[in-house]
Amino acid sequence: MPTKKFEDIYWLAFGAWKDNLTEFIYNMYKQYKYRELPLNEILEIIKQGVPATLCRLHIERKNENDKTNLSIADHYKFPPGYFASSIQFIPTPDQVGSTEGYIACTIVHSDSFLSYKNGKYNSSKGWSENSEIWIFDAKDIAQGPRYRLSHPKLNFGFTIHTTWLKEISPYPVSEYDVREDFDWLVSKAINEHSEEMGNQIHQLFQEAYKEFEQDRKAV
């Protein structure tokens with residue numbers, strides 16, 4: 001179940017690399033009026049490279065009316081050429097707390113962002129050249145990954161959240177009922193665990209369903 005109070009936020013900064021700076025993005029923001037650094041300084045920083053960094057931001061607020069203060073309580077800088085993504089907090093069973101668990105993330109590293117070359121991986125290493133899963137101790141991410149996992153067939157694509165659409169048009173409204181997708185999960189929870197857990201799951205999904213319906217109707 002989701003926590004009712006956030007004490008820490010795990011934040012991933014992708015860093016800055018010249019391979020990721022396109023001419024389109026450069027031209028789009030070169031006249032940005034709220035700029036704090038001049039363009040020539042930004043280009044020099046990107047040329048040198050800024051490593052990706054995993055941070056734990058601690059949230060401090062005495063009561064609901066106080067201002068929320070964020071501070072970097074812990075961080076880890078990835079080695080040059082390592083791109084981290086998809087960070088996920090994995091709680092330790094039967095433990096409570098935002099640092100009681102692990103942080104898992106996907107890793108891609110190399111100049112070409114490709115594990116396979118000519119359809120083959122580097123057999124001398126025994127694993128794919130650049131795709132890994134790193135697992136950190138959430139209490140101490142500064143020490144680096146506790147575990148690094150890989151496999152010859154583990155081959156992540158280098159992707160970012162962008163897309164290109166030839167045109168934008170409204171999508172047809174469907175009469176499909178989303179609740180059909182989670183009713184089976186509620187029944188399973190009741191059968192395998194308890195009616196109380198099933199009711200909690202049902203309430204959680206019902207609230208999400210209401211928000212979904214509001215967004216759908218707004219569109």
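I looked up cysteine 105 and found it buried, because its relative accessible area is 2% and the cut-off for buried is under 20%. The model is a predicted one. Next I checked cysteine 55. Cysteine 55 is buried too, with a relative accessible area of 10%. I then searched the whole structure for disulfides and got zero. A disulfide would be a covalent bond between the sulfur atoms of two cysteines.

**Core**

Which residues have the most contacts inside the largest nonpolar core? I noted Leu54, Phe78, Cys105, Ile107, Trp134 and Phe136, in a core of 15 residues. The elements that give this core two or more residues are β1 (8-13), β4 (82-91), β5 (101-109) and β6 (131-137). β5 gives the most, with three residues.

I followed up on phenylalanine 136. Setting aside neighbours within four places in sequence, I listed its contacts: among them are Leu54, Phe78 and Cys105. The list also includes Tyr76, Tyr102, Ile103 and Ile141, as well as Gly144, Pro145 and Arg146.

**Surface**

Which helix gives the most to the patch? Helix α1 (residues 23-29) does, with four residues.

Tyrosine 32 is found in the loop between α1 and α2 (39-48). I logged tyrosine 32 as partly exposed, because its relative accessibility is 44%.

Note on methods. Residues numbered from 1 in each chain as written. Predicted model: local features only at pLDDT ≥ 70, side-chain atom pairs only at ≥ 80, totals over all residues. Heavy atoms only, no water. Buried < 20%, exposed > 50% of the residue type's maximum accessible area, 1.4 Å probe, protein only. Core = buried A, V, L, I, M, F, W, Y, C linked by side-chain atoms within 4.5 Å. Contact = heavy atoms within 4.5 Å. Disulfide = S-S within 2.5 Å.
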